[in-house]
Amino acid sequence: LLRDGQKLLAPLALVLALAAGLGAERVVARLRPRSRPLAAALLLALPVVTTPDLAWGAGLHPARYPADWAAVRFDGPGDVVVLPYGAFRAFDWTGGRPVLDPATRAFDRTVVADDTLVVGGRAVAGEDRRAAEVGAALAAGEPLGPYGIGWVLVERGTPGEVTLPPGVRPVYDGPDLALYRVPDVRDVELPRPPAAPVLLADLAALALVLGASIMWTRRTIRTRASITGW
């Protein structure tokens, strides 16, 4: 959870969405009536003034996938491993900007990719045990069939070395992608994560929602009671 800090932006965004509105409401309420419209306008403009690049999408724009990404088909058992074996790519069709390997989300098939994180030249080991085993097999030049890998997808036009495992045969060869079939694919039983942490997280989220609902209901009842004089 703490390895990739951007994961913490989601709960932070929820807190900011609530705190910004409530904070602006309190600030405006403490000002004189004549100053409130100007203060409200300034508070509304504050997010835009502090982050002007977001008005143009922070310089980001969508990239068009080459035709090979729609032409590749997986007709047979086994998961997919992508080469060069790494988590990030830098294609010409993305403007050379580093991006996460799109194969993990582009295909309706389990894709095994290296999840090692490199920070300041230092490699932080990933959390996927199977990815580490497949990476070790690739480095040793071993067949990938025993690891449940049935396909090798080579992404061209991105930095990294490509060494094909032994015994693979070509299935598709395009300018941007090449697909190879791995022989002797075995069925492997993947480890399942423990259910207890997921259930505890669900219960904690449910308790948070119920607690907030109860507090909101009590506050609403008290507000109505004070208005009606109950």
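Is Arg-218 buried or exposed? Arg-218 is exposed, with a relative accessible area of 54%, where exposed means over 50%, buried under 20% and partly exposed in between (1.4 Å probe, protein chains only). The model is predicted: local features need pLDDT of at least 70, side-chain atom pairs count only at pLDDT 80 or more, and totals for chains, interfaces and linings use all residues. Residues are numbered from 1 along each chain as its sequence is written, and side-chain values use heavy atoms, with hydrogens and water left out. Helices (H or I, at least four residues) and strands (E, at least two) are DSSP runs, numbered from the N terminus.

- Five strands form an open sheet in the order 4-1-7-9-8, with mixed pairing; two strands pair if DSSP finds at least two bridges between them.
- Its edge strands, each pairing on one side only, are strand 4 (111-112) and strand 8 (169-173).
- Helix 5 (residues 129-140) packs on the sheet and touches strand 1, strand 4 and strand 7. The direction of helix 5 makes about 60° with that of strand 1, angles running from 0 to 180 degrees between N-to-C directions and axes being lines fitted to C-alpha atoms, for helices over the stretch in contact.

**Strand 7 and its partners**

- Strand 7 (residues 149-155) is mostly covered, with seven of its seven residues buried.
- Strand 1 (residues 79-83) runs parallel to strand 7, and five bridges join them. Leu-83 has Val-154 in strand 7 as its bridge partner.
- Strand 9 (residues 177-181) runs antiparallel to strand 7, also joined by five bridges. Val-152 is partnered with Tyr-180, Leu-153 stands opposite Leu-179, and Glu-155 stands opposite Leu-177.

- Strand 9 is largely enclosed by the rest of the structure, because five of its five residues are buried.
- In a regular strand the side chains alternate between the two faces of the sheet.
- Both faces of strand 9 are covered: Leu-177, Leu-179 and Arg-181 are buried on one side, and Ala-178 and Tyr-180 on the other.
- Four bridges pair strand 8 with strand 9 in the antiparallel sense, and a hairpin of three residues joins the two strands.
- Tyr-172 stands opposite Leu-179 in strand 9.

**Arg-89**

- Arg-89 lies in strand 2 (residues 88-89) and is buried, with a relative accessible area of 2%.
- The Arg-89 side chain makes a polar contact with the side chain of Glu-155 at 2.5 Å. A polar contact is a pair of N or O atoms within 3.5 Å; within protein, one must be able to donate a hydrogen and the other to accept it, and residues adjacent in sequence count only if both atoms are side-chain atoms.
- The side chain of Arg-89 also reaches the backbone oxygen of Pro-84, at 2.5 Å.
- Beyond its neighbours within four places in sequence, Arg-89 is in contact with residues including Val-82, Arg-97, Asp-101 and Thr-158, contact meaning heavy atoms within 4.5 Å.

**Helices**

- Helix 1 (residues 9-29) and helix 2 (residues 36-50) pack at about 155°, with axes 9 Å apart. Helix 1 is therefore roughly antiparallel to helix 2, a term for angles over 145 degrees.
- Ala-24, Val-27, Val-28 and Ala-29 of helix 1 meet Arg-36, Ala-40 and Leu-43 of helix 2.
- Arg-218 lies in helix 6 (residues 195-228). Its C-alpha atom is separated by 34 Å from that of Ala-45, 173 residues apart along the chain.

Key: Parallel < 35°, antiparallel > 145°, perpendicular 65-115°, else oblique.
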